[in-house]
Amino acid sequence: MKCTKAVFTGAMAAAAILSGCDKHDTPPVKDVEVTETVTVSPDGVKTVESEIAVVPENFKDTDIAASVNGNQITWKELNDKVNAIIAASAKSPRPIPEDKIEEARDYFRKQLIEQFISVNMFRDEAKRLNLTVTDATREEAIKKINENIAQREPGKTIEQVFEEYPMGAETARKDFEDQLLIEELFKKEVTEKAQVSDEEVKQRVDEATVIAEEANKKFADAEKLIKDGTPFEDVVKDFSVVKDELKLPKEQLSKIDPAVAEAVTKLEPGKISEKIESKNGLAIVKLVKTVPAIDKAAAKAKIEEIREKIVNGGDFAALAAEYSTCPSGKKGGDLGTFSRGQMVPEFDKAAFEQEIGVVGPVIETQFGYHIVKVTEKKSAGDPPAETVTASHILVGEAPESVDLYLLLVPSQPVPTADSIREEIKMQKSRATAETFREDVRKRTTITAIYPELAK
């Protein structure tokens, strides 16, 4: 039920400030006022003109903060509401910090004026159309809200929520009634007008069916190649949306695709799974290897072992590709060319002090243990600036991980006709709602101290 949204705008705004959501809000402009005037030509065409005027810098209590078709909220009334929210916040578990009080006041003023404009604009439209809220509608709304409240706080009711409302129970009840009336307005002017034909549903079902059949055929073709002996890696490159070997922590794989992660736990290295129907599509996975978790001591021992292999003639690039936990490992550890200060200090020092072609000692940084090999040094410019071209192998602490190839063909079950009808209806409702809002706005005269809210 959406009817609680406007009722509790103040409380939600307070929560936003407390959670830091105010960072993107621009402090309100206090020195301008925008007035919209609607004129109608003889042929019935409506036009809107905006006029910007200077507003006194220091507002008086009786100054108008916003006006909608003559319904006004004064500067004092606005600030009384803001003060009520601030006072309620002071009693909450997370009060607004003292150094953010003024910023919060500006935030709440803007939120309250925005609410004032929307509620009055749509309430006036509902009255123009002679809409009312029936007792049955009201009782059903209260019932649903009480059910939602009880899930969070058993035994609590909407009446208790009204009594706790920062601006008082009477205001809460009035806001609630306004919102019910506005919902009736949108039901009549938006929801009921967003009709969906059987032809539209059939077209969308047919489109979804074709997409699903194409995905199934593509997967079946890939599956046949695998059974006929085509190397799994080649099939992945030709058919999968994931082309390269994946190296992932087991925990991360579980979050990305639980079904694939579960299949991997049942595989031996080098083995291929059966068909997997995952949330991301149709899949088959080949486990290359499972890499045990590495603690700091194991990381140090491993990097020393790798360095020993290099010193005894091992290929640096091949060992980087096999063991390095840095993404550069796929390129043989190549980091390209960089200048002083681009790397962390320990790495920077090693790279610029090592001789070309020499494999340096193991160094430790915040990322783990490194072996660095410098392949080129240059100095150019005035004053001269040094650059280094280098490769490295990184071994750091790491959780248990898996190396695998994943054949993944995106596919989704064909939605039911009812779900497609609802989806189309929602899409039409959004478009209809925007058009309706614009039409109502053209019939509304708005004045506000925030220019963007009067547009």
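Predicted model: local features only at pLDDT ≥ 70, side-chain atom pairs only at ≥ 80, totals over all residues.
Local features are given only at pLDDT of at least 70 and side-chain atom pairs only at pLDDT 80 or more, while totals for chains, interfaces and linings use all residues. Residues are numbered from 1 along each chain as its sequence is written, and side-chain values use heavy atoms, without hydrogens and water.

The sheet is open and antiparallel, with 4 strands in the order β5-β12-β7-β6. Helices (H or I, at least four residues) and strands (E, at least two) are DSSP runs numbered from the N terminus, and two strands pair if DSSP finds at least two bridges between them. β5 (246–249) and β6 (276–278) are the edge strands; each has a single partner strand, so one side of each lacks a neighbour in the sheet. On average, neighbouring strands are turned by 50° against each other, direction ignored. Axes here are lines fitted to C-alpha atoms, for helices over the stretch in contact, and angles run from 0 to 180 degrees between N-to-C directions.

β5 pairs with β12 (residues 401–409) over 4 bridges in the antiparallel sense, and L248 has V402 in β12 as its bridge partner. Helix α7 (residues 198–227) packs on this sheet, touching β7 (281–291) and β12, and its direction makes about 40° with that of β7. Contact means heavy atoms within 4.5 Å.

K289 lies in β7 and D403 in β12, 114 residues apart. The criterion is a side-chain nitrogen of Lys or Arg within 4 Å of a carboxyl oxygen of Asp or Glu. D403 is buried, with a relative accessible area of 4%, whereas K289 is partly exposed at 30%. Buried means under 20% relative accessible area, exposed over 50%, and partly exposed in between (1.4 Å probe, protein chains only).

The whole structure holds 34 salt bridges. Among them is K156 with E164, at 2.8 Å from N to O; K156 is buried at 15% and E164 is exposed at 51%.

E184, in helix α6 (residues 169–191), is buried but has no salt bridge, the nearest side chain of opposite charge being K187 at 5.0 Å. Beyond four places in sequence, E184 touches L131, T132, V133 and T137.

R307 sits in helix α11 (residues 296–311) and is partly exposed at 23%. Its side chain reaches the backbone oxygen of G360 at 2.8 Å.

How values were computed
Lys, Arg positive; Asp, Glu negative; His and termini not counted. Polar contact = N/O pair within 3.5 Å; in protein donor to acceptor, adjacent residues only side chain to side chain.
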